[in-house]
Amino acid sequence: AGEGVSLSCEERTTLWEWVAESAAPDKVLIAAAGDAGVRETVRLMTVAADLGYTAALLDPRPCAWSPAEQALYVRTVAAQSKLPIILQSAGIELPGHPNVIAAVVEDPSSVRPGRTALAGSEATFWNCLSAGAAGAVLPFTNAAPYTLVSIWEAHRMREAEAAADW
């Protein structure tokens, strides 16, 4: 489920089951498992782990919390999660937390040394890769996978002009 889509926990679980059943064995499955409460978020992450998911995407931004409250939420969830966490909001700093493995960034200036960053915007994908992002989490991939794979391959082959063309 993407932005603007609100699924119940049961609906989300059913969707994850369908994906897990039909995904190729070599695919990395990431579950968007955030919820307003710590217990429900951890429960969702446990379900995703039991279904064979590799990581959980956690976005604390929709909650009307202060940055300190968001950081506390992320730390509490990370401490209890069976899955490693990819943090949707790169503005929350958790240096050294072993269960937060990456942060999704919208802006290349958010790519920081010593922290795994994933581009989160198609518009800044190439710039984030150039700044050191390790990959991307992009909804547009579902619609145009070849385009984004081509940009990734151009980056990998150090062909900046080809990537810019894409």
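**A charged pair and its surroundings**

A: Glu153 is partly exposed, with a relative accessible area of 31%. That value falls in the middle class because buried means under 20% and exposed means over 50%. The model is a predicted one. Glu153 forms a salt bridge with Arg156, and their closest N and O atoms are 2.6 Å apart. Arg156 is also partly exposed, at a relative accessible area of 47%.

What lies beyond the pair along the chain? Arg158 sits in the loop between α5 (145–156) and α6 (160–165). Arg158 has a positive phi of about 60°, although it is not a glycine. This residue is exposed, with a relative accessible area of 75%.

Trp126 belongs to helix α4 (residues 125–131). Apart from neighbours within four places in sequence, Trp126 is in contact with Ile151, His155, Ala160 and Ala163. Trp126 and Pro108 are 18 residues apart along the chain, and their C-alpha atoms are separated by 9.0 Å.

How many salt bridges does the structure hold? There are 3. Arg43 is partly exposed at 36% relative accessible area, and Glu40 is partly exposed at 24%.

Lys82 forms a salt bridge with Asp50, where the closest N and O atoms are 3.1 Å apart. Lys82 lies in the loop between α3 and β3 while Asp50 lies in helix α2, so this pair ties together parts that are 32 residues apart in sequence. Lys82 and Asp50 are both exposed.

Helix α2 therefore deserves a description of its own, because its buried residues, Thr41, Val42, Leu44, Met45 and Ala48, fall within an arc of 160° seen down the axis and so line one face of the helix. On the other side of α2, Arg39 and Asp50 are exposed. The cover over the buried residues of α2 includes α1, β1 (30–32), β2, α3 and β3. The helix has 13 residues and reaches 18 Å from its first C-alpha to its last, close to the 18 Å expected at 1.5 Å a residue. Just after α2, Gly52 takes a positive phi of about 95°.

Helix α3 is part of the cover of α2, and α2 (38–50) is in turn part of the cover of the buried residues of α3. Other elements in the cover of α3 include β2 (55–58), β3 (85–87) and β4 (100–105). The buried residues of α3 are Gln70, Ala71, Tyr73, Val74, Val77 and Ala78. They cover an arc of only 160° around the axis, which puts them on the same side of α3. On the face turned away from that buried side, α3 carries the exposed residues Ala68, Leu72 and Ala79. Helix α3 (residues 67–80) has 14 residues and reaches 20 Å from its first C-alpha to its last, close to the 20 Å expected at 1.5 Å a residue.

Leu15, Trp18 and Val19 form a nonpolar patch on the surface, with about 280 Å² of accessible area together. Val19 lies in helix α1 (residues 9–22) and is partly exposed at a relative accessible area of 34%.

Now the whole chain. Its secondary structure comes to 6 helices and 6 strands, and from the N terminus the order is α-β-α-β-α-β-β-β-α-β-α-α. Buried residues make up 37% of the 166 residues. Among contacts with a separation of 6 or more, 38% are between residues 24 or more positions apart. The chain exposes about 9400 Å², and carbon and sulfur atoms supply 55% of that area.

Terms used: Residues are numbered from 1 along each chain as its sequence is written. This is a predicted model: local features need pLDDT of at least 70, side-chain atom pairs count only at pLDDT 80 or more; totals for chains, interfaces and linings use all residues. Side-chain values use heavy atoms; hydrogens and water are left out. Helices (H or I, at least four residues) and strands (E, at least two) are DSSP runs, numbered from the N terminus. The expected span of a helix is 1.5 Å times one less than its number of residues. Buried means under 20% relative accessible area, exposed over 50%, partly exposed in between (1.4 Å probe, protein chains only). The arc is that of the directions from the helix axis to the C-beta atoms. Contact means heavy atoms within 4.5 Å. Patches are made of residues with over 30% relative accessible area and no salt bridge: like charges are joined within 9 Å, nonpolar side chains (Val, Leu, Ile, Met, Phe, Trp, Tyr) within 5 Å. Accessible areas come from the Shrake-Rupley method with a 1.4 Å probe; for residues, only the protein chains shown count as cover. A salt bridge is a side-chain nitrogen of Lys or Arg within 4 Å of a carboxyl oxygen of Asp or Glu.
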